[in-house]
Amino acid sequence: MSHHQQILKLSEVKLITGLSASSIYRAVNKGTFPRQIKLGERSSGWLMSDVTNWLDERIEASRTSEVA
């Protein structure tokens, strides 16, 4: 794992993916979107690498007509 992992907050994940907060949390609960990392008692975020990998998979799936 890289020593330079970037953490994204929800607002940034929404911008990158184009998904709403409720869509993100619903997908996390279904296991179709990366789980967030607990940063503190009331703080969490997503690893940028997890989000970009998920996005790359969605792009590839859409180009091969295998969107889940």
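**Reading the model**

Tutor: Isoleucine 37 is partly exposed, because its relative accessible area is 33%, and buried means under 20%, exposed over 50%, partly exposed in between (1.4 Å probe, protein chains only). This is a predicted model, where local features need pLDDT of at least 70 and side-chain atom pairs count only at pLDDT 80 or more, while totals for chains, interfaces and linings use all residues. Residues are numbered from 1 along each chain as its sequence is written, and side-chain values use heavy atoms, with hydrogens and water left out.

Student: In which strand does isoleucine 37 lie?

Tutor: Helices (H or I, at least four residues) and strands (E, at least two) are DSSP runs, numbered from the N terminus. Isoleucine 37 belongs to strand β2, residues 37–40.

Student: Which residues make the nonpolar surface patch?

Tutor: Patches are made of residues with over 30% relative accessible area and no salt bridge; like charges are joined within 9 Å, and nonpolar side chains (Val, Leu, Ile, Met, Phe, Trp, Tyr) within 5 Å. A salt bridge is a side-chain nitrogen of Lys or Arg within 4 Å of a carboxyl oxygen of Asp or Glu. Areas come from the Shrake-Rupley method with a 1.4 Å probe, and for residues only the protein chains shown count as cover. Here Ile7, Ile37 and Leu39 form a nonpolar patch of about 220 Å².

Student: What pattern does the protein chain follow along the sequence?

Tutor: The pattern is β-α-α-β-β-α, from three helices and three strands. Of the 68 residues in the protein chain, 21% are buried.

Student: How do the axes of helix α1 and helix α3 cross?

Tutor: Axes are lines fitted to C-alpha atoms, for helices over the stretch in contact, and angles run from 0 to 180 degrees between N-to-C directions. The axes of α1 (residues 10–17) and α3 (residues 48–63) come within 11 Å and cross at roughly 20 degrees. Therefore α1 is roughly parallel to α3; angles under 35 degrees count as roughly parallel, over 145 as roughly antiparallel, 65 to 115 as roughly perpendicular and the rest as oblique.

Student: How far apart are aspartate 50 and isoleucine 7 in sequence and in space?

Tutor: They are 43 residues apart in sequence, and 9.9 Å separates their C-alpha atoms. Aspartate 50 sits in helix α3 and is partly exposed, with 29% relative accessibility.
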